[in-house]
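Trainee: I have a model open and would like to learn how to read its features. Could we go through them together?

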Amino acid sequence: APSMEQLEQVARAPGADRAAFLRLGWARYAAGRFSDAAAAAREGQTLAPGDPEASYLLGMALKASGDKGGAAAAFSAAAT
């Protein structure tokens, strides 16, 4: 499995796609870096508006960081 540093390099590279940010976001989430995971999810949303996985990841990260309202909004976006 790639290291966190490798995932960050891929996400920072020119032409990085939503998948790169989602891989990075899930790795950050698993490492307990919830605000960083939310930032990666938001980048994924920017690259692919309406992507349900990016919204779900954002919801999970916000829920873990205690932002229940933001999490609910993100989960709602993921479900539509």
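Trainee: Which helix do the buried residues of α5 pack against?

Mentor: They pack against α4 (52-64). A word on the source: this is a predicted model, where local features need pLDDT of at least 70, side-chain atom pairs count only at pLDDT 80 or more, and totals for chains, interfaces and linings use all residues. Residues are numbered from 1 along each chain as its sequence is written, and side-chain values use heavy atoms, with hydrogens and water left out.

Trainee: Which residues of α5 are buried, and which are exposed?

Mentor: Buried means under 20% relative accessible area, exposed over 50%, and partly exposed in between (1.4 Å probe, protein chains only). In α5 the buried residues are G70, A71, A74 and A78. They share one side of α5, because they cover an arc of only 100° around the axis; the arc is that of the directions from the helix axis to the C-beta atoms. K68, G69 and A79 are exposed on the other side of α5.

Trainee: What makes up the largest nonpolar core?

Mentor: In soluble globular proteins, nonpolar side chains tend to be buried together. A nonpolar core is a set of buried Ala, Val, Leu, Ile, Met, Phe, Trp, Tyr and Cys residues joined through side-chain atoms within 4.5 Å. Here the largest one has 11 residues, including L22, L57, L62, A71 and A74. Helices α3 (34-47), α4 and α5 each supply at least two residues of this core, and α4 gives the largest share, five residues. A second, separate core has six residues, among them L7, A16, F21 and L24.

Trainee: Which residues does L57 touch?

Mentor: Contact means heavy atoms within 4.5 Å. Not counting residues up to four places away in sequence, L57 touches L22, G25, W26, Y29, A37 and A41.

Trainee: Is A20 buried or exposed?

Mentor: A20, found in helix α2 (residues 18-30), is buried at 2% relative accessible area. Leaving aside neighbours within four places in sequence, A20 is in contact with V10 and A11.

Trainee: How many salt bridges does a search of the whole structure find?

Mentor: Side chains of opposite charge can pair when their charged atoms come close. A salt bridge is a side-chain nitrogen of Lys or Arg within 4 Å of a carboxyl oxygen of Asp or Glu. The search finds five. One of these joins D51 and R18, with the closest N and O atoms 3.2 Å apart. D51 sits in the loop between α3 and α4 and R18 in helix α2, so this pair ties together parts 33 residues apart in sequence. D51 is buried at 12% relative accessible area, whereas R18 is partly exposed at 26%.

Trainee: Which residues are linked in a network of salt bridges?

Mentor: The network links E8, R28, R33 and D36. Within it, the side chains of D36 and R33 meet at 3.0 Å, N to O.

How values were computed:
Helices (H or I, at least four residues) and strands (E, at least two) are DSSP runs, numbered from the N terminus.
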